[in-house]
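Hi everyone, thanks for coming.

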Amino acid sequence: MGKTLTGKILEEHFVRGGMGAGEELFIRVDQTLTHDINAVMTYLAFEAVGLPRVRTECSVSYLDHNLLYINNMTPDDHIYLQSAAKRFGVYHSRPGNGICHAVHLARFGVPGKISMGGDSHTPHGGAIGMLCIGVGGMDVATAMTGVPMRLKMPRTVKVDLTGELRPGVNAKDVILELLRREGVKGGLGKVYEYVGPGVKTLEVPQRATIANMGAEMGATSSIFPADEQVKRFLTAQGRGADYAEYLPDEDAVYDERIDLDLSALRPLMACPHLPDNVHLLDEVEKKPVRQVFIGSCTNTSYADVAKAALVLRGQHVHEDVACTCAIASRQTYKELLRDGYLDMLVDAGVRLLEIACGPCCAIGQTPPTNGVAVRTSNRNFKGRAGNPTAELYLVSPESAAATAIRGTFATAEEILGDQVSELASVCEPETYFVDNSMIIPPLPPEEAAKVEIVRGPNIKFLPIPDAPEQVLQAEVSLKTLDHVSTDDITPASAEFSSMRSNIPLMSRYCFHRYAPDFAARATALGQSVIIGGENYGQGSSREHAAINPMYLGVKCVIAKSIARIHKGNLVNHGIIPMLFANPADYDKIDQGDLLRIENLPEQIKTRRVLIKDVTKQIAVYATLDLTDSEIQVILAGGQLRFLKQQLDKTPCKQEG
């Protein structure tokens, strides 16, 4: 029986456990990455463990999300992260070098390796045959200790690509088509493995767009083969020696199969307020557009921006549209500058922003009241851009450029006509501009040991939960609807992002836009329970969406279903994630009900919990979809307590 690419890489990194779909296994992690608005908690946790140095092959700390310094908090965080990187043997990518996923793919990614990143779009690196998994910051801290990481063995989905993209159709349209078919929950517990003759037609940055947004399907990861396209990319990066061929066996056995003809695709658009609300762009009701953003890790490769520039060449941005562009990396910026594409953008009236995530996570360029915003980024949840009244639409760079010109939804073909065929000639450079001067390498151990970690006044302690008590009696502090995102729980913006190293402060804004009175109510209750709908905690990996409720006394979340990364974050921070045994029981419990669970630790071990609604005098059952080790973590009072116990029992040999 042939092996999938996913299976081969997991086997090479296998430590213990089972390799059957759904079984728990433990794997060795080669690389980790973090970014600034989530990383402070990660390095505070690593400090608390007490190891002098990371034990991975390569760990990188990126400062790339919040570069809008509205007060002292964010620059203080950045100084802390730079000093922590020096102290613990971590590479440090400075502000302005680029977005973590784009830079990591170009400068650190290696086929066949396993990477875990504190960001849900970490699977971006799957473009080069690397298995990359997005996790919470506590999981990254754990991986940096060298302790094998737990994972549920995913099911593998064969995505068989045929044909070739037509001019004006982008890799973004490929992943939007998959989202249309699979939905925002369709990828739960799966890795999407791209194969077939169509794969050979896609350059690495195109593959990265697809792998990146696989996160929106809830997938564990997405991966492409390490083939001649990957060899070409790494050679162009001056890293040809890092190339190794990684392919699935020709007779590999997959759990599911999807067939997709690239040549049949037309420009698509994800409409508000979910990335799976996908329609043909030319069939969406035309609306006046106020804002266009060409940017994010997902869609600002060299070829992406060059094609957008060619659409805009000789044209001008509509007078009612604010059009901005934030390029993914300094490397790409310089390539585009050299070849004249940035001139085309500026001449057309496009405003060039910092080389950063920025608007993707509501750091700048918030749309106006009830404004329609068209973006090349990866998420369009309500409030994602910092304004809950805005409508966000997701498209390719070519379609975004056309829309900026028309002032309403448009495709590149509508602007260029027959000349749209010229876009087919745009491809990635044969040789990239390489300059690693904005990446600070790790210090030797003897020098690193002398580094003082600098903490600004906003950096507070990392709260650590207690183990579950015998009896939990608590009121329901909040009942949510379906598809609550981590943006709903922990709102995004430059202001809120600057608070993330201060949990006591940030917790005051928990569910700030979704339920403004939640923080005060939860604080008054002391301890409470949240009732969630379908896909609770979807979206960003930000573990603050677990830490903040935990700090406010939330002991468990009982939902119809819980997104993968958020469920892991809840476990790591001592909140018990439960699922209604009968989803219809969701309707029986209301906010304000008093719930009681007896013999809680013992019931956790059985994975089936009886919940008594004291207010209504009824009882419902919940299940725990947790592995054996996750049960241990919950019973220990979270991952940090559990990790310290494990390291005390079996200390690793300290490196350096």
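Let me start with a question: how are α2 and α3 oriented to each other? Keep that in mind while I say what we're looking at. This is a predicted model. The mean pLDDT of the protein is 94, and 99% of its residues reach 70 or more. There is a stretch to be careful with, though: over residues 652-656 the pLDDT is below 50. Even so, that stretch has 11 contacts in the model beyond its near neighbours in sequence.

Okay, back to the helices. For two packed helices, you describe the pair by the angle between their axes and the distance between the axes. Helix α2 covers residues 36-49 and helix α3 covers residues 73-88; they pack at an angle of about 45 degrees, and their axes are 10 Å apart. So the answer is that α2 and α3 are oblique to each other. The crossing of α2 past α3 is left-handed. On the α2 side, the contact is made by D36, A39, V40, Y43, L44, F46 and E47. Facing them from α3 are D77, H78, Y80, L81, A84 and F88. Sort the residues of this contact by type and you get 9 nonpolar, 1 polar and 3 charged.

Now another pair of helices. α9, residues 302-312, packs with α10, residues 330-338, at an angle of about 40 degrees, with the axes 10 Å apart. That makes α9 and α10 oblique to each other, therefore. Here the crossing is right-handed. Who meets whom? From α9 we have Y302, V305 and A306, and from α10 we have T332, E335 and L336. That contact divides into 4 nonpolar residues, 1 polar and 1 charged.

Next, salt bridges. Searching the whole structure turns up 40 salt bridges. One of them joins K185 and E534, with the closest N and O atoms 2.8 Å apart. K185 sits in the loop between α6 and β10, and E534 in the loop between β22 and α19, so this pair ties together parts that are 349 residues apart in sequence.

Last, a couple of backbone details. The peptide bond from P272 to H273 is cis, with omega near 0 degrees. You'll find H273 in the loop between β13 and β14. Then there's S296, which isn't a glycine and yet has a positive phi of about 90 degrees. S296 belongs to the loop between β15 and α9, and that's my tour.

Technical notes:
Residues numbered from 1 in each chain as written. Predicted model: local features only at pLDDT ≥ 70, side-chain atom pairs only at ≥ 80, totals over all residues. Heavy atoms only, no water. Axes fitted to C-alpha atoms, helices over the stretch in contact; angles between N-to-C directions. Helix = DSSP H or I, 4+ residues; strand = E, 2+ residues; numbered from the N terminus. Parallel < 35°, antiparallel > 145°, perpendicular 65-115°, else oblique. Left-handed = near helix turned anticlockwise from the far one by under 90°. Contact = heavy atoms within 4.5 Å. Nonpolar A, V, L, I, M, F, W, Y, C, P; charged D, E, K, R; others polar. pLDDT = per-residue confidence, 0-100. Salt bridge = Lys/Arg side-chain N within 4 Å of Asp/Glu carboxyl O.
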